[in-house]
Amino acid sequence: MYQLYYSPGTASMAPHILLEELSVPYELVLTDTAIGSHKKADYLALNPNGTIPTLVDRGQVIFETAAICLHLVDSHPEKNLFPAPGTLERAEAYKWLIWLSATLQSTLVVYFYPERWVSSEQNAADVKRHAEQKAQGLLEQMDKHLASHCSPWFLGEEFSLIDIYAMMLCRWTRHFNEKKARDFPFIALWVQKVLARPAVQKVMDYDGLVKPYV
């Protein structure tokens, strides 16, 4: 059985929803970031980065959200939540997954934790503002992609891991001072379809999250 070390509202949301979509047995292990559980010795022994989430599968420890999600979809190809290996569709999915993880998510990390990069509060405020502006440009790129096809989901006709991951990151913009993800027209239409899925609703309820989710 999978073990997912999670904390409500964090990057563990994507693999948590994915596990529900896959309908496979799993156990949740609460690692509450609000009280610093992810920085305690027992968790650091599992994941020395002190980040959430971590997945344990038959004794193998996996960290990094994108890596966890890829492992899960590859372990259950019959669920069709990621294109088949060796296809152009798979290459397109890789492109967007890495973009979400390495480009949009990393920008949002700077937005949430600007003090990690500067030594004064004033400089931190400037970093946060610039990170929000950069993220808005990335959201515009996402919106244009969704506008470029008439399909219901991010990659086309089939719901996939990319929809889950992208929705999670869109949620992280809900406190932006300027345009939030939900303010982009094509993102707004698409994200409501994702939020309506039973697996997504179940995880939102389990984590005790309140509307607006995004």
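Aspartate 183 is placed in the loop between helix H6 (161-171) and helix H7, where helices are DSSP runs of H or I with at least four residues, numbered from the N terminus. At a relative accessibility of 39%, aspartate 183 counts as partly exposed, a class that falls between buried (under 20% relative accessible area) and exposed (over 50%), computed with a 1.4 Å probe on protein chains only. The C-alpha atom of aspartate 183 is separated by 10.0 Å from that of valine 214, the two residues being 31 residues apart along the chain.

## Basis of the model

This is a predicted model, in which local features need pLDDT of at least 70 and side-chain atom pairs count only at pLDDT 80 or more, while totals for chains, interfaces and linings use all residues. Residues are numbered from 1 along each chain as its sequence is written, and side-chain values use heavy atoms, with hydrogens and water left out.

## Salt bridges between separate elements

A search of the whole structure finds seven salt bridges, each defined as a side-chain nitrogen of Lys or Arg within 4 Å of a carboxyl oxygen of Asp or Glu. One of them joins arginine 197 to glutamate 21, with the closest N and O atoms 2.8 Å apart. This pair links distant parts of the chain, 176 residues apart, since arginine 197 sits in the loop between helix H7 (185-195) and helix H8 (198-206) and glutamate 21 belongs to helix H1 (residues 13-22). Arginine 197 is partly exposed at 22% relative accessibility, whereas glutamate 21, with a relative accessible area of 17%, is buried.

A salt bridge also forms between the side chains of aspartate 74 and arginine 90, at an N to O distance of 2.7 Å. Because aspartate 74 lies in helix H3 (residues 65-75) and arginine 90 in helix H4 (residues 88-112), the pair ties together parts that are 16 residues apart in sequence. Aspartate 74 counts as partly exposed at 41% relative accessibility, while arginine 90, at 4%, counts as buried.

Arginine 129 and aspartate 126 form a salt bridge in which the closest N and O atoms are 3.5 Å apart. Both residues lie in helix H5 (residues 121-147), where they are three residues apart, about one turn of the helix. Arginine 129 is partly exposed, with a relative accessible area of 41%, and aspartate 126 is likewise partly exposed, with a relative accessible area of 26%.

Technical notes:
Helices (H or I, at least four residues) and strands (E, at least two) are DSSP runs, numbered from the N terminus.
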